[in-house]
Amino acid sequence: MLSPAQARLLQLHAQGLLQPPRRRPHRDDVVAMVERMRLLQIDTIHVVARSPYLVLHARLGAYPTTWLDEALAQGRLAECWAHEACFVSAADIAWHRGGPDQRMHHWAHRSAARMHREQRADMDAMLAGIRVSGPVRAADFARSEAMAKPGWWEWKPEKRWLEAWFALGELMVARRDNFQRVYDLAENVLARLDPPFDAAAADMLDAAALRRRAIIDSVRALGVTQAAWIADYFRLRPRVTDRELAPLLATGELLAVPVRGWVAPGYVHRDHADALAKARRGRLRATHTALLSPFDPLVWDRARALAMFDFEYSIECYTPAAKRRYGYFVLPILHRGHMVGRLDAKAHRGEGVFEIKALFLEPGVTPNPTLLQALAKVIADTARWHGTPVVRLGRTRPATLMKPLRQALNTSRQVASD
C-alpha cells in the first residue's frame, strides 16, 4: 500500500515535476515533455507567460519559447482538441483524428457540428476559398465596425468558422505567428508531420480502441490515479469505472495499487513499475520548486488536486474582480512535493518588471529559510526567463513573510526600488 505522500511523489515523477532539470534544456526536450504529459493545453491569457510556455518552463527551466513554435511549424507537434485545445505529439495525432462519431463526446466537436448545420453555406464557401488561396489567419478577415471590442465572446464570424472547421478536422494549424493560428487544409498539415501520418492506420481505429488508448495514456500521464479522475484528462464520456479497467489489469497494462486513505482503488501504468517500487521503498524524493500554470495538468482537475495535494484551487480570471479571493491569474506554488502557496503576478513587458501583486502561503506552511530561498530563486528565474528581470513585490500573506522574502529577493538584486 502506498502512503498519500508516496502517491504524490509518483504523480510528480510521471508529470516531470519531481526534481529540477539536471542540465540545460535542448530543443528535443519540448517534444519529449509533451509526449510525457500526452498533451499540452493551450490558453491565450498572457498576463504572465501564456500557459503552454509556462507549463514547459516549470519542467524544463529557462528554454526559448520559440522552440515550441518551431516544433509546431516543423510538424513534430500538432494542435487538436483533447482535454481542451492542446498541442500533442505528431506521433499521436492519429488517435485524435477518429471519425466524427468517435469525437462527438467533446463539446468543441458538438458545437462545431451544430454551427455547420446552421451556417453551412458560409462555412463551405470559406473552406473552398482556403483550398484556392492557401493558409489564412483570422486576422486576414476584416472586423465589422459595428462589433464591440475584441474578445472570444465577440469573435467575428470568420474566426468562428475557422475554429469550427478546426474542431471538425477539415482545417489544422500549420504554424503560429505571434501566437496567432495559421490555418491550412488538414491534408496539407498532415503531409508535413514528423513522423509521417498513417492515414490507413488511422482509418482502422474504432471508438473502443480510441477510448482504450485514451484511458491508458491518461493513467500513464497521471502516475497514479483513481478511476474517477481518468476521464477528465481527455474529456472522455461516459466516466471511466473500475469495472471498465478490470481487463487492463488482467493484461498487465495497468497495476492495481491501494493508497492509504483512498476508498477507491489506485491504478498505475506498467511503464511506471520501477518508479512505483522506488516510491514504496522511499527512494523517490521531491526537490523541485516551480510556479505552475492554472492550466497545468497537475492542477486542472480541481477534485484531484484537492485529494492528492490538499490544495483547493480554482482559476479566477473568469470571476468578477469583486468576487475573487486571490487574483486574476494565480499560479500555484509547488515546493518539494507540496502545494505551499499561490502567487498573483503580472508581467509588465515594456518596463521589464515582474509584478507580484500578492503571494499567499497555505495555512500551516512555515516560511523557513529553505522555503524562502526556493521562493526567491523560482520567482527570480521565472522573471528573467520571461524578460521581466526586475521583481516588484506587493503584499504577502502572512504579512510577516514580506520582509524576509524581500530580503531574499534583494540578495539577488531583483526587487524594484519603491
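Accessible areas here come from the Shrake-Rupley method with a 1.4 Å probe, and for residues only the protein chains shown count as cover. This is a predicted model, where local features need pLDDT of at least 70, side-chain atom pairs count only at pLDDT 80 or more, and totals for chains, interfaces and linings use all residues. Residues are numbered from 1 along each chain as its sequence is written, and side-chain values use heavy atoms, with hydrogens and water left out.

**View 1. The whole protein and its surface.** The accessible surface comes to about 19,400 Å², with 52% of that belonging to carbon and sulfur atoms. Of the 418 residues, 54% count as buried (under 20% relative accessible area, 1.4 Å probe, protein chains only). Along its principal axes, the C-alpha trace spans about 65 × 60 × 40 Å.

View 2. Look for Asp296 in the loop between β8 (289-291) and α15 (302-309); helices (H or I, at least four residues) and strands (E, at least two) are DSSP runs, numbered from the N terminus. Asp296 is buried, at a relative accessible area of 0%. Leaving aside residues up to four places away in sequence, Asp296 touches Gln15, Leu17, Val55 and Arg59 (contact means heavy atoms within 4.5 Å).

**View 3. Residues around the largest cavity.** Among the residues lining the largest cavity are Leu72, Ala73, Val173, Ala174 and Arg192. Two or more lining residues come from each of α4 (66-73), β2 (77-81) and β4 (171-177). A cavity is a set of points on a 1 Å grid over the protein atoms alone where a 1.4 Å probe fits but cannot get out, and lining residues have an atom within 4 Å of a point.

Terms used: On a 1 Å grid over the protein atoms alone, a cavity is a set of points where a 1.4 Å probe fits but cannot get out, and a pocket is an open set with protein on both sides within 12 Å along at least five of seven lines; lining residues have an atom within 4 Å of a point. Buried means under 20% relative accessible area, exposed over 50%, partly exposed in between (1.4 Å probe, protein chains only).
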